[in-house]
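Hello,

Here is the structure I promised to hand over. Please look through it first, then read my notes below.

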Amino acid sequence: MRLLVVEDEEDLVDALRVGLVRAGYAVDVACDVAGAEEKLQVNSYDLVLLDLNLPDGDGFELCRAVRRADDGQTVRIIMVTARDRLDDRVRGLDEGADDYLVKPFAFPELLARVRALLRRDAAGGTAVLEVGDLRLDTARVEAFRAGRQLGLTPKEFGVLHYLMTRPGHVVSTEELLEHVWDEHTDPFTNTVRVTVGNLRRKLGAEGVIETVISRGYRLKERV
Ligand code: CA
């Protein structure tokens with residue numbers, strides 16, 4: 001899953017980036033409204049962490065812009081701000097934010113809210129995803145097949161997570177690049193193919209990730 005962090009406090013940005021990458025997410029950063037708008041036009045994000053007080057404008061407007069551009073209403077938005085007045089929180093939710101977190105906050109709470117929003121559409125609605133004998137614990141960032149821990153790298157975990165939220169559906173290489181890798185990835189790289197290859201090897205015999213020629217990859221619904 002790919003996140004955009006819109007935040008102008010450098011120390012906080014660094015801490016968020018490190019913690020979110022460790023939790024298995026691809027993370028891009030924008031430090032102002034203009035930068036965020038640019039990235040939102042080019043990339044597909046699953047979730048935006050949005051600071052309200054930005055050097056060139058107001059996070060509320062950005063939130064509206066995200067909602068206008070997001071026809072399918074699939075981008076999740078968490079406002080993260082030092083403004084703790086009730087009317088700010090109410091306005092944030094009214095402008096289309098899914099959640100609102102007041103600074104200073106505990107990082108585990110932010111992570112829990114991110115997980116909760118990203119699984120909102122998924123069946124079951126817990127931090128653990130299951131497809132056949134595959135089990136993915138998004139809170140502990142651990143994956144298992146038939147009870148055996150797989151020991152995945154963050155990118156392998158990210159690919160499996162993305163596929164497990166769409167079992168039976170074909171997911172293209174471009175879509176994986178968009179949602180599992182960050183903006184510093186060369187779009188012509190073979191990193192997706194290599195990562196899927198390594199993931200398959202760790203998943204072991206009886207392939208669960210099928211290649212659909214010239215379209216992409218598909219996780220078998222019944223493993
Ligand atoms: Ca700020």
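**The largest pocket**

The largest pocket holds about 630 Å³ of space. This is a predicted model, in which local features need pLDDT of at least 70 and side-chain atom pairs count only at pLDDT 80 or more, while totals for chains, interfaces and linings use all residues. Residues are numbered from 1 along each chain as its sequence is written, and side-chain values use heavy atoms, with hydrogens and water left out.

A word on terms. Pockets and cavities are found on a 1 Å grid over the protein atoms alone. A pocket is an open set of points with protein on both sides within 12 Å along at least five of seven lines. A cavity is a set of points where a 1.4 Å probe fits but cannot get out. Lining residues have an atom within 4 Å of a point. Points are joined across faces, edges and corners, and a volume is the space filled by probe spheres set on them.

The lining of this pocket has 25 residues. Y45, D46, D70, T74 and V75 lie nearest its centre. The elements that give two or more residues are α2 (33–42), α3 (59–69) and α5 (107–118). Of the elements, α3 gives the most, with four residues. (Helices are DSSP runs of H or I with at least four residues, strands are runs of E with at least two, and both are numbered from the N terminus.) By class, the lining has eleven nonpolar, six polar and eight charged residues. (Ala, Val, Leu, Ile, Met, Phe, Trp, Tyr, Cys and Pro count as nonpolar, Asp, Glu, Lys and Arg as charged, and the others, Gly among them, as polar.) Domain 1 (2–118) and domain 2 (128–219) each supply at least three residues to this lining. The domain bounds come from an automatic or database domain assignment.

**The calcium site**

Which residues coordinate the calcium ion? They are D8 (OD), D51 (OD) and N53 (O), at 2.1 to 2.4 Å. (Donors are N, O and S atoms within 2.8 Å of the metal, or 3.2 Å for Na, K and Ca; water is not among the atoms, so sites may look incomplete.) The spacing of the donor residues in sequence is D-x42-D-x1-N. D8 sits in the loop between β1 (2–6) and α1 (10–22), and N53 in strand β4 (residues 53–54), so the pair ties together parts that are 45 residues apart in sequence. D8 is partly exposed, at 33% relative accessible area. N53 is partly exposed too, at 41%. (Buried means under 20%, exposed over 50%, and partly exposed in between, with a 1.4 Å probe and protein chains only.)

Helix α7 (residues 173–180) gives the largest share, three residues. The classes here are three nonpolar, two polar and six charged.

H179 is also in helix α7. Is H179 buried or exposed? H179 counts as buried, at 10% relative accessibility. The side chains of H179 and D46 are joined by a polar contact of 2.9 Å.

**Cavities**

The whole structure has three cavities of 30 Å³ or more. The largest cavity has a volume of about 80 Å³. Twelve residues line it, and R115, L118, R119, T138 and H161 are the closest to its centre. Six of the lining residues are nonpolar, four polar and two charged. Domain 1 and domain 2 both give residues to this lining, so the largest cavity lies between them.

**Backbone points**

Most residues other than glycine have a negative phi, and most peptide bonds are trans. Three places stand apart from that.

- K103 and P104 are joined by a cis peptide bond, with omega about -5°. P104 is in the loop between β7 (99–102) and α5.
- V141 has a positive phi, near 55°. V141 lies in the loop between β9 (134–137) and β10 (142–145), and is partly exposed at 29%.
- S214 has a positive phi of about 60°. S214 is in the loop between β13 (209–212) and β14 (216–219), and is exposed at 76%.

Best wishes

Technical notes. A polar contact is a pair of N or O atoms within 3.5 Å; within protein, one must be able to donate a hydrogen and the other to accept it, and residues adjacent in sequence count only if both atoms are side-chain atoms.
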